[in-house]
Amino acid sequence: MTDTTVDRAQDRATTHLRPVAHFTAHDTWLNDPNGLVFHDGTWHLFFQNNPHGDTHGNMSWGHATSTDLVTWTEQPVAIRHTDTEEIFSGSAVVDEKNTAGFAGPGQTALVAIYTSAYRPTHPTLAGRQAQSLAYSLDDGRTWTRYEGNPVLDRESADFRDPKVFWYDGADGDGYWVMAAVEAADRQVVLYRSDDLKQWHHLSTFGPAHATGGVWECPDLFPLSVRGTDRARWVMIVSLNPGGVAGGSGVQYFVGDFDGTTFVPDGPGGGPQGADWLDHGRDYYAPVSFNGVADGRRLTVGWASNWDYANDTPTAPWRSAMSLARELELVRTTDGRDRVVQRPVLPEEPRDGLVVHEVEVPTDEGRRHEIVLHGDGPDAVVLTVDAAARTLTGDRRRSGDTEFHPAFPSVDTAPLHDAGATVDLTVVVDGCVLEVFACGGLTALTQLVFPSTPLTRVTVREVAAA
Ligand code: FRU
């Protein structure tokens with residue numbers, strides 16, 4: 001048997017695990033979403049990709065496009081690793097004003113700001129991580145590296161994941177802001193630039209809240225508070241390990257940003273402003289799209305966990321993105337501004353994707369199980385415990401769980417502001433399960449590898465714990 005035959009056989013065995021609305025690479029590895037940008041009617045999803053294999057390595061920017069956020073077409077690799085440099089995570093902007101000077105007359109440049117992770121073979125920058133630019137003059141199809149790279153070098157081995165966005169200064173005098181991490185120091189460093197090439201340090205945030213692992217993939221954006229005309233600023237920080245469910249996870253801070261410094265809500269400044277964006281084990285490195293003119297804040301995350309991401313049982317592809325999520329803030333009864341997330345779903349039903357809208361009562365400390373199952377014995381049990389005000393996702397008997405000891409898990413999420421009922425939106429798509437509760441105040445994402453698809457749902461009341 002040749003390797004290709006093995007791949008085909010494995011692919012057939014795991015076909016039902018490949019999601020239909022969550023992006024997967026055709027036959028390679030992916031991790032973080034990169035360079036999320038909307039331009040000229042097209043959503044661009046670049047992503048950490050190994051173009052030569054199904055485990056992490058040879059990091060390059062893969063590329064996919066969509067017009068609806070749920071139907072993705074994989075494009076040729078956008079920015080490829082070299083013998084001396086891997087292309088780590090970063091962002092992309094539409095340089096409308098041609099601030100970097102990459103565009104000719106009548107052209108608009110898309111500019112990618114990514115981390116150059118220099119390999120030991122690099123003659124002068126071995127082991128370092130610094131920020132670099134590449135630009136595209138053909139709507140993201142082909143990319144040219146800027147000859148002045150790197151544009152921002154702190155002589156650090158852990159300086160990565162630049163998220164760049166346009167900040168409208170108070171006097172209309174805008175500039176570019178970069179949020180990146182000094183990962184090992186658990187810090188987000190903020191820089192500003194007028195031309196994407198020269199960067200000036202603004203401020204440093206952290207360590208704060210969860211610090212049990214390196215900080216990665218920051219994002220910083222304004223977000224309006226529902227029912228008000230106010231916007232707050234949200235900073236997203238992924239960390240690995242030290243996540244709420246074990247392994248990698250995502251925290252966020254709500255606060256204010258004055259163009260220089262981010263100040264989270266907290267002691268002295270109001271209620272503590274830190275929380276978890278998702279309480280399942282399989283949601284990491286989410287960042288938001290640039291270039292969205294209608295004011296929506298849309299994110300995509302990576303649906304996996306570094307604890308076992310390289311071992312998940314699919315072939316020849318490995319790993320999926322989350323659905324896109326639309327974010328908003330709501331003020332909860334404890335006086336805090338919290339993020340709510342709503343998944344972007346296909347408008348028409350799709351084979352392989354099921355969405356269950358479930359509502360269960362919460363009176364008298366009742367407990368309900370929402371059992372996701374298929375034709376076989378494999379199932380995921382979601383439990384809404386009204387007394388504990390929690391949602392749990394138990395995937396210990398969800399199919400193939402043995403490929404890594406950290407995989408079989410029961411993940412627990414708080415239910416904030418649950419009223420007389422708790423509403424759940426449960427999305428099952430191949431190997432990805434995303435659960436949104438209480439209008440999206442709680443999210444819980446888990447991978448599952450059942451032997452037959454978990455297309456059905458049974459809701460039952462069980463005895464209180
Ligand atoms: C996060 C991360 C980033 C890095 C990339 C490498 O998952 O570790 O910090 O840029 O993945 O693939």
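Where does N98 lie? Select it and you will find N98 in the loop between β5 (85-95) and β6 (109-118); strands here are DSSP runs (E) of at least two residues, helices are runs of H or I of at least four, and both are numbered from the N terminus. N98 is not a glycine, yet it has a positive phi of about 55 degrees.

Before moving on, a word about what is on your screen. This is a predicted model, in which local features need pLDDT of at least 70 and side-chain atom pairs count only at pLDDT 80 or more, while totals for chains, interfaces and linings use all residues. Residues are numbered from 1 along each chain as its sequence is written, and side-chain values use heavy atoms, with hydrogens and water left out.

**Stop 1: two cis prolines**

Select N149 and P150: the peptide bond between them is cis, with omega near -10 degrees. P150 sits in the loop that runs between β8 (144-145) and β9 (159-167). Next, pick N240 and P241, which are also joined by a cis peptide bond, with omega about -10 degrees. Here the proline, P241, belongs to the loop between β14 (231-240) and β15 (249-257).

**Stop 2**

Now show the side chains of R145 and E85, which form a salt bridge with 3.0 Å from N to O. The term means a side-chain nitrogen of Lys or Arg within 4 Å of a carboxyl oxygen of Asp or Glu. This pair links distant parts of the chain, as R145 is in strand β8 and E85 is in strand β5, 60 residues apart. The structure holds 28 salt bridges.

**Stop 3: the two domains**

Colour residues 20-343 as domain 1 and 353-462 as domain 2; these bounds come from an automatic or database domain assignment. Taken over C-alpha atoms, the domain centres are 28 Å apart. Select residues 358-459 and you will see 52% strand and 0% helix, with the end C-alpha atoms 8 Å apart.

**Stop 4: where the domains meet**

How many residues of domain 1 are in contact with domain 2? There are 34, facing 30 residues of domain 2, where contact means heavy atoms within 4.5 Å. Together the domains bury about 2600 Å², 59% of it on carbon and sulfur atoms; this is the accessible area (1.4 Å probe) lost on putting the two parts together, summed over both.

Three salt bridges are counted between the domains. Zoom in on R281 and D411, a salt-bridge pair whose closest N and O atoms are 3.8 Å apart. On the side of domain 1 that touches domain 2, β20 (325-331) and β21 (337-343) each supply at least two residues.
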